[in-house]
Amino acid sequence: MKITYVTINLILILFSSSLLFSSEKVKNDEKEFLISIEMLENNELQLVCTEGCAWETLSFTLSNNENDRMVNAYGLNVIENQDTNPNKGLALFLFSVQKSGNGLQLKGIKGTRWTDLNFSLRKDKPASVDNAGVTL
């Protein structure tokens, strides 16, 4: 009887650890993205993607009364057009950008570990945004 309990416990431990490692693999397979955001003259925002995107540079003007701009691995987008079958080499993410007072508000919608980021940009000092958050 003791051997049966030991065997069952051993099987349960091995099964649990294999589930743990397989769930870690899914997290590690998530493609990362890295985007630099800089405020230029006349409220023009410039985004430069160095990892995980099909685009290199996006530029657009933001005002306080304007609707959110949606950004994903393919560029500016609207939520209804989010790709369901993305290129496997690109990150699967979607976030919105909106001007908020003197700063920016980003809302993570898909593929980010953050839901809201609020920050101000300093002149000639871009912010870096990735899956995990923002670095100023």
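Two strands count as paired if DSSP finds at least two bridges between them. Helices (H or I, at least four residues) and strands (E, at least two) are themselves DSSP runs, numbered from the N terminus. With that in hand, let us walk through this predicted model, where local features need pLDDT of at least 70, side-chain atom pairs count only at pLDDT 80 or more, and totals for chains, interfaces and linings use all residues. Residues are numbered from 1 along each chain as its sequence is written, and side-chain values use heavy atoms, with hydrogens and water left out.

Start with the overall plan. The chain has 1 helix and 10 strands, and reading from the N terminus their order is α-β-β-β-β-β-β-β-β-β-β. Of the 136 residues, 31% are buried, where buried means under 20% relative accessible area, exposed means over 50%, and partly exposed lies in between (1.4 Å probe, protein chains only).

Now look for the open sheet. Its 5 strands follow the order E5-E4-E6-E7-E8, with antiparallel pairing. At the edges are strand E5 (75-77) and E8, each of which pairs on one side only. In general, strands of a sheet pair through backbone hydrogen bonds, either parallel or antiparallel.

Let us follow one end of this sheet. Strand E6 (residues 94-100) is joined to E7 by 7 bridges in the antiparallel sense, and Ser-100 has Gly-103 in E7 as its bridge partner. Strand E7 (residues 103-110) is in turn antiparallel to E8, with 5 bridges between them. The hairpin of E7 and E8 has 5 residues between the strands, and in it Gly-111 takes a positive phi near 75°.

Finally, find the 1 salt bridge of the structure, meaning a side-chain nitrogen of Lys or Arg within 4 Å of a carboxyl oxygen of Asp or Glu. The side chains of Arg-113 and Glu-32 form it, at 3.0 Å from N to O. Arg-113 sits in the loop between E7 and E8, and Glu-32 in the loop between helix H1 (2-28) and strand E1 (34-39), so the pair ties together parts that are 81 residues apart in sequence. Arg-113 counts as exposed because its relative accessibility is 53%, whereas Glu-32, at 31%, counts as partly exposed.
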